[in-house]
Structures are given as C-alpha cells and as structure tokens.
Amino acid sequence: PDVTYEEMIVDAAAAHLVRNPEAFDVLCATNLFGDILSDLVSELSGSIGLAGSINASERLCCAQAQHGSAPDIAGQDAANPTSMILSCAMMLDWLARRHARPALAEAAGAIEAAVEAALARAETRTRDLGGGLGTKAFTEVVVAGVGGLGRRGCVLVGVRCATGPRARTRSGEGSPEPPPVWFWGDTTFRVLGLGGQGRVGRVPR
C-alpha cells in the first residue's frame with residue numbers, strides 16, 4: 001500500500017528520467033527498453049562506466065559490466081572498472097540472500113564503500129570522470145580502500161595485489177600473472193576481462 005505504481009511509455013520515461021530522476025525508485029521494463037534506460041541513467045550519474053549490473057532469477061545470477069564490451073579501448077588501461085566491481089558486489093549480495101551467508105553481504109558492503117570513497121575524491125577518479133587514473137590504478141585504490149575498512153580479503157581485478165591473512169592468488173605453475181581472483185572468507189570469485197569483456201563466476205577452492 002505504500003508503493004506508488006505508475007505506467008509510462010518508454011520515451012516519456014526517458015524524458016522524465018532526465019528532467020526529474022529522483023521521482024523514480026524502481027523501473028520495471030522489457031529487456032530492450034531496460035537496456036536503453038539503464039545506459040541513460042548511468043550517464044546521468046556521471047559515466048556509463050559507473051553502474052553495476054546483474055541478471056538474476058531465483059536460482060541463478062550473472063554479473064557483468066552493464067555497459068557491455070568496449071573493444072576500442074581494450075588493453076589501453078582506459079576502461080573505468082567501477083561497473084564491473086559493483087556488479088561483483090551485487091552478485092555477492094545476491095548470494096548472501098540466496099544462501100543465507102551474511103559474510104558475503106558484508107563483503108559487498110565493503111566493496112561499495114571503497115568504491116564510493118574512491119569516487120568522492122577527484123584525485124582518485126578515472127579519466128572519464130575528470131580524474132587521472134587508469135583501470136589498474138583505480139582498482140588498486142579500491143583494493144586499498146577495502147583493506148582500510150578492516151575487512152578480510154582482497155579484490156583482484158586485473159592487478160596483482162593482496163591484503164589480509166586469507167588473501168592469496170591462484171594460478172598455474174610458473175604463471176607470470178595470476179588470474180584476477182576475489183577471495184572473501186570461504187567463497188572465491190574470478191573477475192576477468194576489464195573493459196566490459198569479462199564475466200564473473202564461482203571457481204572452486
């Protein structure tokens with residue numbers, strides 16, 4: 001009874017999102033319209049590289065950068081990894097609720113807080129937001145932020161770094177660069193392909 005429901009055609013919704021975005025809370029749309037409107041609201045927040053995204057049902061969850069691939073900047077250390085990192089946080093939160101694992105919700109909160117702190121400072125923003133950091137440097141700031149919150153674990157997204165007694169990497173023998181891996185408690189996630197070309201999924205311990 002405390003939820004106000006309103007139907008709106010998609011072009012009007014786009015106009016109202018630009019004019020008065022705070023009037024919206026939850027938008028339900030078909031896949032095509034939802035994809036278009038999600039890009040719009042990402043840009044309204046400052047960059048298409050900012051919004052986390054998951055495709056979720058009651059049983060399955062897939063996290064990916066909501067903006068899709070960016071082959072034109074692949075390998076240039078230019079992609080804003082925020083969308084991918086926040087998508088990982090959203091998936092952790094979904095898993096926390098799905099499997100009654102509050103530690104995963106704590107991990108999600110730690111990631112979100114570290115991202116928010118990094119974006120709050122001009123000197124630690126990515127270049128698309130007027131800052132000077134590339135993909136790896138921004139990710140290192142977020143990793144340090146998670147560690148600074150006193151949480152166990154580490155986010156590894158395209159860079160080699162680890163914090164905390166339980167953080168470590170998994171790689172083949174003699175591999176010069178371990179695959180980026182997220183460790184939190186007893187759960188492991190692999191994060192691949194910055195620049196919107198990756199997927200996130202569970203990997204065995």
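User: Which helix is Val18 found in?
Analyst: Val18 is found in helix H1, where helices are DSSP runs of H or I with at least four residues, strands are E runs of at least two, and both are numbered from the N terminus. This is a predicted model, in which local features need pLDDT of at least 70 and side-chain atom pairs count only at pLDDT 80 or more, while totals for chains, interfaces and linings use all residues. Residues are numbered from 1 along each chain as its sequence is written, and side-chain values use heavy atoms, with hydrogens and water left out.

User: And which residues make the nonpolar surface patch?
Analyst: Val18, Val41 and Leu44 make a nonpolar surface patch of about 230 Å². Patches are made of residues with over 30% relative accessible area and no salt bridge, with like charges joined within 9 Å and nonpolar side chains (Val, Leu, Ile, Met, Phe, Trp, Tyr) within 5 Å; the areas come from the Shrake-Rupley method with a 1.4 Å probe, and for residues only the protein chains shown count as cover.

User: Switching to H4, which of its residues are buried?
Analyst: The buried residues of H4 are Leu104, Ala107, Ala108, Ala110, Ile111, Ala114, Val115 and Ala118, where buried means under 20% relative accessible area, exposed over 50%, and partly exposed in between (1.4 Å probe, protein chains only). Seen down the axis of H4, these buried residues fall within an arc of 160°, so they line one face of the helix; the arc is that of the directions from the helix axis to the C-beta atoms.

User: What does the face turned away from that buried side carry?
Analyst: That face of H4 carries the exposed residues Pro102, Glu116 and Ala120.

User: OK, salt bridges: how many does a search of the whole structure find?
Analyst: The search finds 2 salt bridges, a salt bridge being a side-chain nitrogen of Lys or Arg within 4 Å of a carboxyl oxygen of Asp or Glu. Asp93 forms one with Arg97, their closest N and O atoms being 3.4 Å apart, and Glu123 forms one with Arg121, with the closest N and O atoms 3.9 Å apart.
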